[in-house]
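Please look over the sequence and the three-dimensional structure shown here before reading the report.

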Amino acid sequence: MKCRTLLIGAISLGLVAGLTACDPEADATKKDNGDSQQLADDAMDESDVEVDEEAVALLPDEVKERGTLRSALDLHYPPTSFKNAGSNEALGFNPDFTRLLGARLGLDVEFSNVTFDTIITGIEAGRYDISAHNFTATPERLEAVDMVSYWNSGSSLVVLAGNPENLDANDLSLCGKTVAVHKGSTQADKHLPDINDKCEEAGEPPVDDVLLPEVQSSLTQLVSKRIDAVFADTPQLAWAAAEQPDEFELLNPQYKKKDGNNVVSLALPKDSELTEAVEVATRNLVGTEDYTEALSRWGLESGAIDPSEVAKQ
C-alpha cells in the first residue's frame, strides 16, 4: 500500500507540517515540478541603499545612540514573514522591507520572532520599535500604537481543492461552517464578527470559528478536515494554494470588507518621535526600485502603493 506525505504550505521554504497518508516509498524532500511560483530564498541585499538624511534627522536620540531598529515579527507567514528550516534568518517581504527601512535610517535591524498576538503589546511595553506585519489600522490598534501605511494586502478564504462545501467569502455560505482564524488578526477581531452579523440578520447560524496560532497549523487542520476553510491574509493563502494546488484552492474574489481599503501599516510606539522619521523614510522608499524589488522577489508586486498613500493613520 502506498502512503504519501502531504506537505502543508510553503514546501520549498521548509515550513512544512507533514501528514502521513500511506506510502513508505514517498520522498518527503523538496521537489520542484516546474509549476510552483519561484520565490527568493535569501534576504535582500541592502548594502548599496543610500541613507535618507531627511529621515535620519528626525530620529530620536535614543535610537540613534543605540544604532539598531528592534523589529518584532511572527515568522510563520510565508511569503511575507518566515524563516527557512534550520535557520534563524528572517525572510520574506516584511523582513526585506524592514531591512531597507533600517538602511535608509542608518540603522541595523534586530529581529525578534514572536507570536502575532504579542507584537502590539510588546511595542507598548517598549521591547520593540517597529513591526511590519500587515497590520490593518483598526481603531483598537490605533489606541495602542502609531501606524504608517506601507503596502496593499487583503483577506481571503482557502479551502480544500474543488471547494467541496461551495463556500464564498462574500455570501451566507460561511454561516454554520467551521473556519480557522488567527489570534489577534483582523479576520478574527473584525471581519468574522461582521460576517456573523450578516448570518444573524438572515436567521442563519454563526460561523464556528477556530482560533489557531498561525497559518501552517490551520492548513494542517484543513487537510485533516477538522475545519472547512482558513480565513487569513491573502498573500499567505495564495502561496499555500500555489505550492499545493492539488490540496488547496484560494477563493476569488477575496473578502470584500465592510468599509475602507486593503492598505496595511507598520506599527510603532504611540506618540513617538520615531513615527515621524519612519513615515518620511517610508514615503521616500515607496516608489523606488528597491521597494519594487522587495515586493516582486516574493511575488507581491501587485501590492505596491504610491508614495502619496504613505501616511500616519
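## Basis of the model

This is a predicted model, in which local features need pLDDT of at least 70 and side-chain atom pairs count only at pLDDT 80 or more, while totals for chains, interfaces and linings use all residues. Residues are numbered from 1 along each chain as its sequence is written, and side-chain values use heavy atoms, with hydrogens and water left out.

Thr282 belongs to helix H9, residues 273–285 (helices, H or I, of at least four residues and strands, E, of at least two are DSSP runs numbered from the N terminus). With a relative accessible area of 0%, Thr282 is buried (under 20% relative accessible area, with a 1.4 Å probe and protein chains only). A polar atom of the Thr282 side chain lies 2.8 Å from the backbone oxygen of Val278.

Leaving aside neighbours within four places in sequence, Thr282 is in contact with residues including Phe97, Leu101, Tyr150 and Leu266, where contact means heavy atoms within 4.5 Å.

## Helices H3 and H9

Helix H3, residues 93–104, packs with H9 at an angle of about 110 degrees, their axes being 10 Å apart (axes are lines fitted to C-alpha atoms, for helices over the stretch in contact, and angles run from 0 to 180 degrees between N-to-C directions). The two helices, H3 and H9, are therefore roughly perpendicular (65 to 115 degrees). The contact involves Phe97, Leu100, Leu101 and Arg104 of H3, together with Val278, Ala281, Thr282, Asn284 and Leu285 of H9.

## Strands S9 and S15

Seven of the eight residues of strand S9, residues 145–152, are buried, so S9 is largely enclosed by the rest of the structure. S9 pairs with strand S15, residues 263–269, in the antiparallel sense over seven bridges (pairing requires that DSSP finds at least two bridges between two strands), and Met147 stands opposite Ala267 in S15.

Technical notes. Buried < 20%, exposed > 50% of the residue type's maximum accessible area, 1.4 Å probe, protein only. Polar contact = N/O pair within 3.5 Å; in protein donor to acceptor, adjacent residues only side chain to side chain. Parallel < 35°, antiparallel > 145°, perpendicular 65-115°, else oblique.
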